[in-house]
Amino acid sequence: MTRAEARPGQPLVEHLGEVARAAREALDHPALRARDVLARVAYLAGATHDVGKYTTFFQDYLHTKRSHNGREHHAFPSALLAAWLALQTWPERDPTRREAYLPLLAFLVIHRHHGHLQAPEDLVPHVPDLEYDLSAWLTGNQARLPSTLQRFVDQWRDLGDRTEVLVEELASLGLEGDAVRAFLENPETVGETLDTLERLGYFLSKAEGGLSEADRARLALWGQLLFSALIDADKRSAAGLPPLPPRPHLPGDLAERYVAHKYPRPRHDLDRERAAFFRTVTERARQVPIPPSDPLALTAPTGMGKTLAALSAAFVLRERLAEHYGVTPRIVYALPFINLIEQNYAVVEDILTWGLPDFPANRERYLIKHHHLAEIEYRVDDENLPVAEALLLTEGWESEIVVTTFVQVFHTLLGHQNRLLRKLHNVIGGVLILDELQSLKMEYWPLARRIFQVLREEMGLTVIQMTATRPLIFVTEKTQPDELYPEPQQLFNLMHRTVLEVDLAERSIEALADEVIEIAETHDSVLVVVNTVGDSLRLYQTLREKDVGTPVPSWKEGRGFPLAEDERALVYLSTNIVPLHRSQRLAFLRAWLEAKGRAVLVATQVVEAGVDLDFTVAVRDLGPLDSIVQVAGRCNREGRRTQGLVLVRKLKDSKANLVYGTVHMNAARELLKGIVRLEEPEFARLVEHYFEETQRWKSQEESDLLWGAYLGLRYDGKNCGNVPCLSNFRLIDEMPSVPVFVTLTEDDAAWLAEVFTPEVLEEEDFRRRREAYLHHRRYLHERIIQVPEFRAEKNPPPEWRPGLRWVPLNQWDEFYDLETGFRWVQKDLDRAWIV
């Protein structure tokens, strides 16, 4: 037999060694409570994860692509050998001890290293009479075996013919040669391993008689971390990714110096309060225990400068944690929506551009933006890496600061998917900023509280909850988050920018439109937020018919305004329009309002959290109280006016219950009952009462089921439709929809036909297709809307290719309006309750 290869030209033992060392290094982190054990298991997993490639079946397949009826698959024999070796290293058999389950973890992560993590019961084959007939089935009687074991028998024999090679090469990696030989020559070792794995899986499936709840949670995290370290090391080695230069330095006082340079003198009283707030938060970050024993919180009114203060605190904490651990942590800044990522990424980018001379030449080594529309680039010493390498580094969060979405964060921490879990080990000991955390579904609050406790205790994760509304996610009877500004209510007491005026008498769209017009006559800018796309379309059309302003469908920064100085802009914003126009309209409004232009904006909730706009008056259809306060944050944000008005109204026949649920709407209605006028200092207390009330009535069942799946290592599986698995977790509930590409110009039509179709849709080579898609995906998604299935089925836009529909330029009249987006049949508007 010629020397076994992992890929053409690379000796298999070389690949095993590379992966073993890199996986061990990934988990050899002082912030990990189980550092020594996990580093050793990671090395073992890396050194054995591809042992099944030593078979002649795989080696022939590698060079000829000839199938051997599944015998060329290598994961199962590799996983079984790893489990056997782990049994010899950690011979603990007591199911109440964590170490007893290390063989099972090694088996799981290797078995699934080319796929997603799955539950043990789906992976460990069940052989009822194994102990009675083991020698027989390994020597020829295979009829009663599951197909996995039938293939394994042939693989085991084939490996046994190469025992000396395997013993020698695996021993060169530090594995126990005698244990390897025993596995390959003695069928009893296979039986013992399978029996142990099945027994451990049985104890995990039982609520009693095995590990404690705390140890089960640790075990689930261990499985995710081992998987993360293994697949990341494997992908890097397989791609031949060269080592990166040493990680760059970020000064702990960088944000402080930036703020002192950019804002040397306060312009008004609010600026003075912001400066004092910034100083207090930064100093407090220098005083909290390292590592922090509790979650940290940054609670302050909107417009107070939380983003800069949180970054300054994170820089300080990062430096202190680096001194404590001897390893520099990464900063992950997570937000609920993509449009907020662009906004906050620009703030971080400005700080680093100002303070770091080598930042432009090494941008992604310092800072990456990671979401499903982000452009894939990675620059080292002013050279762009190939797309495949850039993708590996971006998805692995190989940067000092990562600005990303809640979807990326929560589907990693509660994850089972290969691509998402790959980056988990890079968060060990890190600083995680969760901005606008109140937007997390309340049903998941208990789950988030439990998961983050595990992450803080087991991998030293520092969490900063950043909100204006102080959700009760980390509040228990015994603990409270540690506030970086010790008395947040003092900040709210200083704020007199807005006043809430409540009138819950039901009114029609027509009546609300008349009120908005009346307000617009005496106020420069009006924001109106309603709960559903249907209501937003009706209201916008009514205002347009009443000639309240000049519609602004699109605008490019740097160009002149599309209307005269004395005109009033009328703007529409929701997910019913393509993302390109959403971002253009937000950019227009920022510039137009800054130039003292008059405007009326009709929007759904897409404008609420974190969007940096400043209106004179805000009108909000009755909704959750935290949403109302978020809208208030877009009114007189800079405090330039005496006092801004936030008007709470109630539309007749609103479908708000479908969007938010009955509990949230009833609580908001009850708490606002009897309130006519409320000053800004009282907002925070009102919202706290609202959170207490809704939590009291909100079911915890969804959190409890997912927590049970976590404790049972039910990452994913065949039975997840009946038994809860982590794969059931969905951060965002989405209506079944159909993607539709909207051609906005003739150039878009030409791009779809002449560029995207041949380079992506018709390209047969996987690598070229993937690279082309990554290159084009932003352009594509900026022009895509998700149309609910029920609407698309009635009168669907034409199909471009299977799975993708499109709106040609000559069919706008039927499917798309440049101002309001996708055209709805009037009778379906009540079902357009998406936001």
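This is a predicted model: local features need pLDDT of at least 70, side-chain atom pairs count only at pLDDT 80 or more; totals for chains, interfaces and linings use all residues.
What is the order of the 4 strands in the open sheet? Residues are numbered from 1 along each chain as its sequence is written, and side-chain values use heavy atoms, with hydrogens and water left out.

**View A. The open sheet of 4 strands.** The order is β21-β20-β23-β22, with mixed pairing. At the edges stand β21 (784-788) and β22 (799-801), each with a single partner strand, so one side of each lacks a neighbour in the sheet. Neighbouring strands are turned by 45 degrees against each other on average, direction ignored (axes are lines fitted to C-alpha atoms, for helices over the stretch in contact, and angles run from 0 to 180 degrees between N-to-C directions). Strands β20 (residues 737-742) and β23 (residues 804-807) run parallel and are joined by 3 bridges; V740 stands opposite R805 in β23. Strands (E, at least two residues) and helices (H or I, at least four) are DSSP runs numbered from the N terminus, and two strands pair if DSSP finds at least two bridges between them.

View B. All 5 of the 5 residues of β8 (residues 401-405) are buried, meaning under 20% relative accessible area, with exposed set at over 50% and partly exposed in between (1.4 Å probe, protein chains only). I401, V403 and T405 point one way from β8, and V402 and T404 the other way. Strand β4 (residues 331-335) pairs with β8 in the parallel sense over 5 bridges, and V332 stands opposite V402. Strand β5 (residues 367-370) also runs parallel to β8, through 4 bridges; here H370 has T404 as its bridge partner.

View C. Helix α5 (residues 102-111) is largely enclosed by the rest of the structure, because 10 of its 10 residues are buried. The cover over these residues includes α2, α4 (75-89), α6 (120-123), α11 (187-205) and α12 (213-239).

**View D. The largest nonpolar core.** This core has 266 residues, and those with the most contacts inside it include F107, L352 and F410. Its largest share, 12 residues, comes from α12. Apart from it lies another core of 11 residues, among them A772, L780, W800 and L804. A nonpolar core is a set of buried Ala, Val, Leu, Ile, Met, Phe, Trp, Tyr and Cys residues joined through side-chain atoms within 4.5 Å.

**View E. Two aromatic pairs.** Y444 and F729 form a tilted pair, 4.8 Å centre to centre with 55 degrees between the planes. Y444 lies in the loop between β9 (431-435) and α21 (445-459) and F729 in the loop between α30 (701-711) and β20, so the pair ties together parts 285 residues apart in sequence. F741 and W751 form a stacked pair, 5.8 Å centre to centre with 20 degrees between the planes; both are buried. Rings of Phe, Tyr and Trp (its six-membered ring) pair if their centres lie within 6.5 Å, and planes under 30 degrees apart count as stacked, over 60 as edge-to-face and the rest as tilted.

Terms used
Contact means heavy atoms within 4.5 Å.
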